[in-house]
Amino acid sequence: MHSTRPSVASTSQLPRVTVATGGVGVVSHAGSRLLADVAAVTGLSGGFSDVLAETRTRRAGHDPGRVLSDLAVLLAEGGEAISDLAVLRQQPQLFGAVASTPTAWRVLDSIGSARLAGLRTARAAARERAWLARAELGRHLPVMRAGGREWAGLVIDLDATLVTAHSEKEGAAATFKGGFGYHPLLAFLDNTNEALAGVLRAGNAGSNTTADHIEVSDLALAQIPDDIRYGTPILIRADGAGATKGWLQHLHVLRGNDNRTGLVTGLDVEFSVGFTMTAAVQDAIRALPKTAWVPAVQVDGSLREGADVAELTGLLPELTASGWPPGMRVLVRRERPHPGAQLTFTDVDGWRFQTFATSTAVGQLAQLEARHRAHARVEDRIRTGKDTGFGRFPSRMFAINAAWLELALAGIDLLAWTQTMLLDGDLAICEPKALRYRLLHTAARITRNGRRAVVKIAAGWPWARDLVAAFTRLALIPPPLRT
């Protein structure tokens with residue numbers, strides 16, 4: 001008796017290949033040229049060049065602004081070290097002349113505190129042009145969604161993170177978690193995932209340092225184009241580290257409220273920050289009647305099972321007298337800890353409580369709480385940002401690392417502008433890693449058509465049409481005028 005097995009095509013074996021050198025006109029990062037072109041049309045490269053113009057000693061040498069722009073592109077597409085410029089340098093038919101590693105080091109070394117401020121100004125100018133270009137392409141500024149609704153205006157999230165230094169670096173120090181490195185404070189725009197501002201700090205910098213929060217929030221606000229910064233609602237969110245009287249009073253002063261009319265005469269800035277669970281707050285929670293609690297909602301607006309929200313402001317009458325800004329409200333969410341969770345001294349009667357403060361005067365409590373909880377998205381921005389440049393710093397010198405952080409923020413912006421201006425569907429919202437695999441690291445062949453190079457992407461590549469469409473849209477944006 002013979003057994004027979006059905007004949008099926010084998011899918012476990014790889015196709016047979018022969019590997020040889022000698023390929024002509026082949027490039028491996030065709031999609032990354034999109035980032036370089038975005039840097040050019042937004043004026044980012046030119047702005048960097050203006051800042052570093054006096055450092056250029058030879059006209060035949062590399063433009064230092066272009067060197068910084070190339071570094072920003074490198075970080076955006078996933079490079080980790082200055083030597084990774086070799087990937088761009090070895091594709092001159094796609095990226096032109098790219099500086100050597102020593103040249104890039106010299107350019108970074110030429111950036112002091114004054115030129116670092118100039119780079120920030122150049123980034124702000126490029127952002128204004130990018131936002132104008134997006135509008136001209138018929139695309140609107142994305143809105144922030146939380147609590148099942150859309151919130152008008154801009155939402156800026158501040159948060160700090162620890163970056164390990166694996167060698168002795170200037171300014172690196174022991175961290176509160178027992179590590180060693182830096183503790184940068186960063187600001188991201190939740191609407192678009194842009195990296196508005198960042199300040200490199202020693203590893204032992206405080207989490208709730210008022211001066212640092214003021215500096216970063218001011219730098220972030222300065223990145224918003226003037227015509228949008230004034231008259232547009234701006235919400236600034238932070239976790240409990242932001243609950244300092246000095247910083248919140250600073251944000252209140254930025255509003256410039258008219259004492260007679262209550263109208264905003266400055267920036268329409270509000271805040272939503274974590275609030276410390278003090279003994280007075282615990283007493284206020286215990287004093288809440290059962291009727292004060294309303295069901296909490298998820299970020300998508302659905303009911304958050306087993307969670308409730310209430311307001312404590314009326315039970316904390318001394319807030320303004322003790323130095324908190326006028327009109328500040330304190331809200332609290334309660335829910336049962338998940339099975340196995342350890343209770344802490346801030347947990348009351350078996351409930352886990354989270355408190356936050358906001359200057360928003362009106363709105364349903366559940367939606368205000370969901371809006372604040374959406375601040376957790378900044379953790380994704382930091383996680384992906386560490387893969388886009390600020391997860392490691394290249395130099396022993398603090399000034400070079402501060403400049404590197406600024407270029408990492410510029411690289412994050414290039415990704416955000418590319419997605420919000422030029423891409424659709426999943427590509428417009430996917431994380432940088434997916435964008436690199438699908439689009440930026442696309443291989444192609446370059447041919448010549450007269451004096452123009454033609455980049456030909458494999459016809460079967462699933463995202464080929466998306467990449468062509470992105471370059472087509474980009475061609476509609478006129479280059480910036482240079483004087």
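Does Asp-424 fall into which accessibility class: buried, partly exposed or exposed? At 39% relative accessibility, Asp-424 counts as partly exposed, where buried means under 20% relative accessible area, exposed over 50% and partly exposed in between (1.4 Å probe, protein chains only). The model is predicted: local features need pLDDT of at least 70, side-chain atom pairs count only at pLDDT 80 or more, and totals for chains, interfaces and linings use all residues. Residues are numbered from 1 along each chain as its sequence is written, and side-chain values use heavy atoms, with hydrogens and water left out.

**View 1. Salt bridge between Arg-139 and Asp-424.** The closest N and O atoms of this pair are 2.7 Å apart; a salt bridge is a side-chain nitrogen of Lys or Arg within 4 Å of a carboxyl oxygen of Asp or Glu. Arg-139 lies in the loop between helix 7 (113-136) and strand 2 (144-146), and Asp-424 in the loop between helix 14 (398-422) and helix 15 (432-440), 285 residues apart. Helices (H or I, at least four residues) and strands (E, at least two) are DSSP runs, numbered from the N terminus. Arg-139 counts as buried because its relative accessibility is 16%.

**View 2. Helix 8 with Arg-201, Asp-212 and His-213.** The side chains of Arg-201 and Asp-212 meet in a salt bridge (2.8 Å, N to O). Arg-201 lies in the loop between strand 9 (194-199) and helix 8, and Asp-212 in helix 8, so the pair ties together parts that are 11 residues apart in sequence. Arg-201 is buried at 5% relative accessible area, and Asp-212 is buried at 17%. His-213, also placed in helix 8 (residues 210-222), is buried at 3%. Beyond its neighbours within four places in sequence, His-213 is in contact (heavy atoms within 4.5 Å) with residues including Leu-158, Leu-185 and Trp-247.

**View 3. Salt bridge between Arg-304 and Glu-335.** The closest N and O atoms are 3.2 Å apart. Arg-304 belongs to strand 13 (residues 303-311) and Glu-335 to strand 14 (residues 329-335). Arg-304 is buried at 18% relative accessibility, as is Glu-335 at 16%.

**View 4. Contact of helix 3 with helix 6.** The axes of helix 3 (residues 64-76) and helix 6 (residues 101-109) come within 10 Å and cross at roughly 105 degrees. Axes are lines fitted to C-alpha atoms, for helices over the stretch in contact, and angles run from 0 to 180 degrees between N-to-C directions. The two helices are therefore roughly perpendicular, a class spanning 65 to 115 degrees. Pro-64, Val-67, Leu-68 and Leu-71 in helix 3 meet Ala-104, Val-107 and Leu-108 in helix 6.

Definitions and conventions:
Angles under 35 degrees count as roughly parallel, over 145 as roughly antiparallel, 65 to 115 as roughly perpendicular and the rest as oblique.
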